Amino acid sequence: MRQGRFWTGTLLIAAMLAGCGGPRPVDTRQALEQRRAELQDAVADNPEAIAERVELARIAFRLGDGVAAGAAVKAAIDAGGNEAMLRPLLARAFAMQGDGMRALQTLDAGPIAPEAMGEAAWVAGNVHLDDGDLGAARDAYDRAVRELPRSSALWVDVARFRDANADTLGARDAIDYAIELDKANGAALAYKANLIRTEEGLTASLEWYDAALAADPDNAGALIDQAATLGDLGRYRDMLGALRHAATLTPGNPRIYYLQAVLAARGGNYRLARSLLQRTRGQMDEVPGFMLLSAIVELELGGEAVAATWADRLLSEQPGNMTARRILALSDWAGGDADGAAEALIPIVDREDADSWSLLLAGRVAAELGRRGESADYLARAASLSRGDAAPFAADNDYGFLSMAADAEPLNPARAIPAIGADIMAGQAGRAIERATRLRDANRGVADAHILLGDAAMAGGQFALAVQSYRAARDLDAGERTTLRLAHALFRAGDAAGSGAAILALRDSQPSSIAADRLAGHLAMDLEHWDQAIAHFERVRRRIGNRDVVVLRELSKAWGAKGDRAQATRLIALAYRLQPLNAEIMRLYADRLAEAGDAQGAADLRDKARQIGR
């Protein structure tokens, strides 16, 4: 009898640890479902089939079925399984069902076998991470890794934790180790794809999504992430195919409806986009991208009040989201609330780098409110077609208090970052750089730490240090926020060629980047590469419409240089409609009219431009 119990315990431990160690064979969803059916038959009439029930739970976990996993674990316990061994699995089932509190309560409800300590810590780490308690999650994952150092699946969650801490380098190391332990781990390969998307760009990530789906063709999460990437690359047909496959695996998944809505909105079908957004049934209402798309769709369909509500909600989460602020202002203005529109625009137009579209709207709103002088000022700034530099920091609190707080906790970002801003505002750029350097040295795997030092160096005029810092940040995150900073720093440092190369690299890695296309277009104009300039600016125009005077002006110039006077005239006419008081636009329009034989129209515009100049 004791020997039988020994073998039952051995089988139970083997089943418990299945999937926690080294490489495993590739299992498609179909194979897992087939094995689940076999196990269900095996346990149906065998109350002592403990190991089979544990394996059944493990398969349910891999299929994402927390309810079935919990049922299988409870059945194993009822059949006489060692509760101290099985308690972590039951906790994992509750966590998968979204009940993290019950998962932690289960772990605390009784003793845990030494062999299961790693799994218990792993489950606790996942729950704490999902709850946003990063300190508790770190302690739990440290314990889990000590117990299960070669669990590929555990290292994926460690990567997820490090990524949540903005530790890009640490996340990269963890996921690479997970793949080294199990090259067929589809979840690890999919997470690697997500990291590569951030670090190297959209195109580079595709081969990793392909690898993830080769290892696990029915990985719905990888399919959805791949679809989003394909959409950003403009490969809408491929995007739709990936979404349709994902929908067969997880019907009703709100992310699928959201991405389909993105696709519909990009195609101009806003009614379909609204219908798809509504089908998420509120499950994505707190996601910033969802809020922004909802605001845009409602505004396009004439629902100004609803659009304003969505934009306002997003601004409560992201006060610095200027796109949401523009939508709020336009929604208020279109809905007859000029005061609300003016208030929404203040944080934009008070900045030196305010865009011309926002300044134009502010001018029209101010005129409607009877503020003629203010309106004229906004319109004049818009007509200049030039933007100042953005202020990287703002400090509204007492300088001495901020400095003392940061001196007491120099490695606490919540203390150090406001103090750095205060140092810069007080003209103490050197001290700001010192603070940022200490923070960077303690967080070399965090892109934001390098960006912070670069921003401080730019404010202090130390362009070489800024370039070095932004390069380090770009090695961790090759997106717009790092690459555009690097390009600007290189230009200020006198390396125009390097600046251009950085912009073109961003354009290649992030084809959906409007900023990259815009800057690449200006580079092409400087080199008189008219076809390239037209291609870049036309991509921008397709994304934002005919609302950017500079884009329309540059396109007109490029088409004129190529000899297409009709297209050049049409485009400068659109620019003139946007800014009829812009002297430069008037002169360009006059030149086009003169070339077309309209001497009187050209003379009238030139006379108007001279009067504006006076």
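Entry 1. I looked up the nonpolar cores and found that the largest has 88 residues, with Tyr141, Leu154, Tyr258 and Leu293 making the most contacts inside it. Helix α15 (residues 254–266) supplies the largest share of this core, nine residues. I then noted a second, separate core of 33 residues, which includes Leu56, Val73, Ile77 and Leu90. I record here that the model is predicted. As background, nonpolar side chains in soluble globular proteins tend to be buried together.

Entry 2. I next examined the surroundings of Tyr141. Not counting residues up to four places away in sequence, Tyr141 touches Trp122, Gly125, Asn126, Leu129, Leu154, Asp157, Val158, Arg160 and Phe161. Tyr141 counts as buried because its relative accessibility is 2%, under the 20% limit.

Entry 3. I looked up the aromatic pairs, of which the structure holds five. Tyr141 and Phe161 form a tilted pair, 5.6 Å centre to centre with 50 degrees between the planes. Tyr141 belongs to helix α8 (residues 134–147) and Phe161 to helix α9 (residues 152–164), so this pair ties together parts 20 residues apart in sequence. Phe161 is also buried, at a relative accessible area of 6%.

Tyr258 and Phe290 form another tilted pair, with 6.2 Å centre to centre and 45 degrees between the planes. Tyr258 lies in helix α15 and Phe290 in helix α17 (residues 288–300), so the pair joins parts 32 residues apart in sequence. I found Tyr258 buried at a relative accessible area of 16% and Phe290 buried at 2%. Together with Trp310, Tyr258 and Phe290 form one aromatic cluster.

Entry 4. I checked for charges over rings. Arg92 lies over the face of Trp122, 4.3 Å from the ring centre. Lys192 lies over the face of Trp208, at 5.3 Å from the ring centre.

Entry 5. I turned to helix α6 (residues 100–108), whose buried residues are Gly100, Ala103, Thr106 and Leu107. These residues are on the same side of α6 because they cover an arc of only 120 degrees around the axis. They pack against α5 (83–96) and α7 (117–131). The face turned away from the buried side carries the exposed residues Met101 and Asp108.

Entry 6. I looked up Ala246, which is found in helix α14 (residues 236–249). Ala246 is buried, with a relative accessible area of 0%. Leaving aside neighbours within four places in sequence, Ala246 contacts Ala220, Leu223, Ile224 and Ile256. The C-alpha atoms of Ala246 and Leu223 are separated by 5.9 Å, although the two residues are 23 residues apart along the chain.

Terms used
Residues numbered from 1 in each chain as written. Predicted model: local features only at pLDDT ≥ 70, side-chain atom pairs only at ≥ 80, totals over all residues. Heavy atoms only, no water. Buried < 20%, exposed > 50% of the residue type's maximum accessible area, 1.4 Å probe, protein only. Helix = DSSP H or I, 4+ residues; strand = E, 2+ residues; numbered from the N terminus. Arc of directions from axis to C-beta. Contact = heavy atoms within 4.5 Å. Core = buried A, V, L, I, M, F, W, Y, C linked by side-chain atoms within 4.5 Å. Phe/Tyr/Trp six-rings, centres within 6.5 Å; stacked < 30°, edge-to-face > 60°. Lys NZ or Arg CZ within 6 Å of the ring centre and 35° of its normal.
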